[in-house]
Each structure stands twice: as structure tokens, then as C-alpha cells.
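Have the viewer open and follow along.

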Amino acid sequence: MQKRELRRYFLQLLFSLARLLTYFCTYNNDVIKLSMQIILGRDEKTHKLKAVVDGKTTKLLGAEGSVNDFVSRQHISLDVDGTSGSFVLKNLKSGNQTYVNGQLVVQKNVTTSDRVELGAQRYLLDWKLVSEVLPKVADVRPLKKVWTDYQTDILKEKISQGRFNALRGGVGVLSASSMAGTFVPGAGGFRIPLLAVFVVSLIVLTIISMRNAKKLPLKQQKRQKDFQRHYVCPCCGYFFGSVDYDVVMRPKDTCPSCKAKLVK
Ligand SMILES: [Zn+2]
């Protein structure tokens with residue numbers, strides 16, 4: 001008995017470990033790759049803005065001679081979380097001076113709408129330059145609703161079309177049977193009301209068929225147009241096609257047009 005319980009606990013432990021491992025693997029793939037660290041400073045030779053991404057890639061930004069001597073070679077670091085659009089800014093040495101919206105800071109959360117100045121001569125950081133080294137990320141989460149709404153609308157239309165067909169069938173039967181009724185021997189005085197029912201049902205049938213034939217293609221066209229306008233890459237406007245959200249927006253995927261990483 002004890003042995004069996006022990007085995008069960010052991011299996012549960014293994015299962016939990018496996019789940020934990022799966023969680024971290026997914027986490028790594030989906031989130032960590034989108035974050036990066038950028039160290040910004042002055043390039044000695046060119047006096048351009050130097051960006052070192054994740055301690056590996058170096059990129060020189062802006063015009064030659066644009067960065068003054070008061071900016072250190074390693075002045076600030078920006079920790080970038082690709083999904084939120086905000087950064088953690090750190091002043092790297094106590095001798096550096098970094099201002100955010102006029103305030104001297106050591107560390108602060110910033111976005112591209114903040115005014116960041118470096119050094120005693122207040123070199124103004126141009127976010128447009130920084131964006132050249134930022135990861136290109138497309139937040140496609142709102143597109144899930146666009147896809148489900150589109151599908152729901154198609155389904156609703158199918159249901160209402162089914163109802164319409166049933167109604168048309170019913171009126172058709174009424175029309176045919178009233179016509180047949182007039183031929184029954186001995187219909188006598190019922191002949192005129194039956195004929196009236198036949199004429200009215202025929203008119204109703206024609207009107208509802210005509211209205212449906214007119215309205216339906218217009219509605220379908222509008223739906224398709226709306227869908228094509230909204231089911232697109234937020235970065236470049238590329239239309240993803242009538243493909244299921246879960247299929248087209250896999251977390252590791254990138255936009256086929258602008259190569260932005262899709263955040264799901
Ligand atoms: Zn794109």
C-alpha cells in the first residue's frame with residue numbers, strides 16, 4: 001500500500017516537473033527573445049550615437065559629430081520588453097548625467113514619448129535613432145476578436161439563411177396547396193378565398209426572395225471588406241488572408257511582409 005502511494009507521488013512529481021519544464025520552454029520562446037538590452041553612448045572615433053545590442057551587435061546611429069564629449073562611451077542602458085513598448089533606463093556610471101523630462105535620474109521606466117537627455121550639455125536622445133535597433137514587434141492579439149467576429153457573422157448568416165429557406169418553403173407550400181384547392185370539385189364558395197390566398201402568398205414569396213437576393217451579396221461584400229481591412233499586420237497592414245487566427249498567428253511566426261515578430 002505504502003509502496004503504491006510512494007509511486008503515485010513520484011509520478012505526480014515527475015508530471016509537475018515536466019509541466020514546469022514545458023512552461024519555461026514556452027516562456028523562453030515567446031517572451032525572452034523579444035526582450036533585449038541596448039547600451040547607448042558616444043562612439044569615440046565618429047562621435048555618432050553608439051548602440052550595443054545584447055553585448056554583441058554594435059550599431060552607429062545618426063550623423064557624424066552629432067554626439068558631444070559629455071556623453072560617455074557607455075552612458076545608459078535600455079532594457080527593452082518588446083511586448084509592452086516601455087523601457088527600463090539605467091544611468092550606467094555615477095559620473096554620467098541622465099535627465100528624463102528634466103529630472104536627473106539613476107533608473108526610470110520610460111517610453112518613446114519621454115524626453116531623455118544625456119550629459120552636462122544635455123544631448124537629446126532621438127528615439128527615431130533608437131528605433132533602428134529595437135525589435136520589430138506586431139501585437140496581433142486584437143486580431144483574435146476580428147477573426148472570431150468574422151466567423152460568428154458567417155455562422156449567423158447561415159442560420160438566418162436556413163430560416164429564410166424554411167419560410168420560403170412554407171409560403172411556397174401554402175401557395176401551391178391553395179391553388180390546388182380551387183380545382184377540388186365542390187370547393188364552391190371557397191374558390192375565391194383560396195385564389196386570394198394563392199395570389200397573396202405568391203406576392204409575399206416574390207417580395208421576400210427579391211429582398212434577400214439584393215441584401216445578401218451587399219452584406220457579404222461589406223463583411224469581406226471589413227475583414228480585409230482589419231485582419232492585418234499592425235506594423236505594415238499586410239492582410240493575413242482568410243486563415244484561422246491560431247494557424248496564422250503562431251507565436252514564433254513573423255509577418256510575411258515586414259518580418260515583424262508576431263506577439264500573440
Ligand atoms: Zn507586417
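Before we start on the sheet, one convention: two strands count as paired if DSSP finds at least two bridges between them. Bear in mind, too, that you're looking at a predicted model.

With that in hand, look for the open sheet of 4 strands, ordered 7-6-9-10 and paired in an antiparallel way. Its edges are strand 7 (103-104) and strand 10 (123-124), each of which pairs on one side only. If you zoom in on strand 6 (residues 98-100), you'll find 2 bridges joining it to strand 7, with the two running antiparallel.

Now for the buried parts. As a rule, nonpolar side chains in soluble globular proteins tend to be buried together. Here the largest nonpolar core has 14 residues, and L40, I76, L78, F87 and L89 have the most contacts inside it. Two or more residues each come from strand 2 (49-53), strand 4 (76-81), strand 5 (87-91) and strand 9 (116-118). Strand 4 is the top contributor, giving 3 residues.

Last stop, the helices. How do helix 3 and helix 4 run relative to each other? The axes of helix 3 (residues 143-183) and helix 4 (residues 191-230) come within 9 Å and cross at roughly 165 degrees. Angles over 145 degrees count as roughly antiparallel, so that's how this pair runs. As for handedness, helix 3 passes helix 4 in a left-handed crossing.

How values were computed. Residues are numbered from 1 along each chain as its sequence is written. This is a predicted model: local features need pLDDT of at least 70, side-chain atom pairs count only at pLDDT 80 or more; totals for chains, interfaces and linings use all residues. A nonpolar core is a set of buried Ala, Val, Leu, Ile, Met, Phe, Trp, Tyr and Cys residues joined through C-beta atoms within 7 Å. A residue is buried if 20 or more other C-beta atoms lie within 10 Å of its own, exposed if 12 or fewer, and partly exposed in between; C-beta atoms are placed from the backbone. Axes are lines fitted to C-alpha atoms, for helices over the stretch in contact, and angles run from 0 to 180 degrees between N-to-C directions. Angles under 35 degrees count as roughly parallel, over 145 as roughly antiparallel, 65 to 115 as roughly perpendicular and the rest as oblique. A crossing is left-handed if the near helix is turned anticlockwise from the far one by less than a right angle, and right-handed if clockwise.
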